[in-house]
Amino acid sequence: MGMFLRFTSRTNVDGSVVRYVALAHNRRVDGRVKPDVLMNLGRADQVDVAGLRRLAASINRHYGDADGGDPGAEAGAVTGAAPLEVIDARTIGSVWLLEQLWQRLDVGAAVRAATDARRFTTNMERVLFALVANRAVAPMSELSAAEWVREDAAVPGLSTMDDDHAYRAMDLLVDADTTGRLQESVFFAVANLLNLEVDLLFFDTTSTYFERDDEDDGDDAFRRYGHSKDHRHDLPQIVIGLAVTKEGIPVRCWCWPNAVAFTAVDGGLWGQSWDRSWSHASWRSSSDKALCAA
């Protein structure tokens, strides 16, 4: 395989560093490429390094390796180091863009504030960002999203992740943001950035079901049998509410037990939840006919 210059360093007792240069080539051993020194050429400061590089290139051309050398060896020759070996490659463009938006909107700071700076072995704020990035770039389940982080994406500050991290992060977020402070912080950051108007809000609800055998028990049961817009009355449901601006930008979402009537949501629960969490001088809501007649 192609020849190149290999550089090594030695640190003297007085702290000075001496670099040495050698003529080397690559050999494949047990399926792996390893550098093999052919000749030590002396100290780098006492030889013509540029001339030696031309010599190595001339030898490669003579033996027909000028255009077919190992890419790692070529990179090593350019940098004056040992051959480089690519061991991993990740995509970064779209994740990097989302990271800049995440920081510009102070979402990370809001997450840390909402979770009360709780300490975990893995950075939960980074895990939540990874889940958001995955949903935006390549929507998958939590299990597949963890694999996406480990093998495909380059997420700043998060070298690895598993599905337990994903579930733990979401549970933490639900427990920490019961009053919607995180949603409030993110929305007003977006509102300031995009100059959004929040005097008119549109609100609607839907239901979703869970693939499980029984509903929850107890007075505070969440997943309950009842009316299903998906025609799955045999499965426990919840009610999901969403408020958006007239431009369609989400303001806040809510989840209620399925036993709550839609009219109760529109007439009381939504307004009570809103008044308790966010303070506005004035606002109006608009609901569709189906919601008012439910």
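Residues 24 or more positions apart make up 55% of the chain's contacts with a separation of 6 or more, where contact means heavy atoms within 4.5 Å. What you're looking at is a predicted model, so local features need pLDDT of at least 70 and side-chain atom pairs count only at pLDDT 80 or more, while totals for chains, interfaces and linings use all residues. Numbering starts from 1 along each chain as its sequence is written, and side-chain values use heavy atoms, with hydrogens and water left out.

**The overall picture**

- The chain has ten helices and seven strands; these are DSSP runs numbered from the N terminus, with helices (H or I) of at least four residues and strands (E) of at least two.
- Of the 294 residues in the chain, 34% are buried (buried is under 20% relative accessible area, exposed is over 50%, and partly exposed is in between, using a 1.4 Å probe and protein chains only).

**Where H5 meets H6**

- Helix H5 (residues 124-137) and helix H6 (residues 142-151) have axes that come within 10 Å and cross at roughly 95 degrees. The axes are lines fitted to C-alpha atoms, for helices over the stretch in contact, with angles from 0 to 180 degrees between N-to-C directions.
- On the H5 side, the residues are Ala 130, Leu 131, Ala 133, Asn 134 and Val 137, and they meet Ala 145, Trp 148 and Val 149 in H6.
- Sort the residues of this contact by type and you get seven nonpolar, one polar and no charged. Here Ala, Val, Leu, Ile, Met, Phe, Trp, Tyr, Cys and Pro count as nonpolar, Asp, Glu, Lys and Arg as charged, and the others, Gly among them, as polar.

**Aromatic rings**

- There are three aromatic pairs in the structure. Rings of Phe, Tyr and Trp (its six-membered ring) pair if their centres lie within 6.5 Å, and planes under 30 degrees apart count as stacked, over 60 as edge-to-face and the rest as tilted.
- Trp 102 and Phe 129 form an edge-to-face pair, because their ring centres are 5.2 Å apart and their planes sit at 70 degrees.
- Since Trp 102 lies in helix H3 (residues 93-104) and Phe 129 in helix H5, this pair ties together parts that are 27 residues apart in sequence. Both Trp 102 and Phe 129 are buried.
- Trp 254 and Trp 256 are stacked, with ring centres 6.1 Å apart and planes at 5 degrees. Trp 254 and Trp 256 are buried too.
- Ring pairs also link Phe 203, Trp 254 and Trp 256 into a cluster.

**Charges over rings**

- The charged end of Arg 223 sits over the ring of Phe 210, 5.3 Å from its centre. To qualify, NZ of Lys or CZ of Arg has to be within 6 Å of the ring centre and within 35 degrees of the ring normal.
- Arg 232 has its charged end over the ring of Tyr 209, 5.4 Å from the centre.

**Spots to look up**

- Asp 106, in the loop between H3 and helix H4 (107-114), has a positive phi near 60 degrees despite not being glycine. Asp 106 is partly exposed, at 47% relative accessibility.
- His 231 also has phi near 60 degrees, and you'll find His 231 in the loop between strand S4 (200-209) and strand S5 (237-245). At 66% relative accessibility, His 231 counts as exposed.
- Ser 58 is in helix H1 (residues 49-62). Ser 58 and Met 3 are 55 residues apart in sequence and 9.5 Å apart in space, C-alpha to C-alpha.
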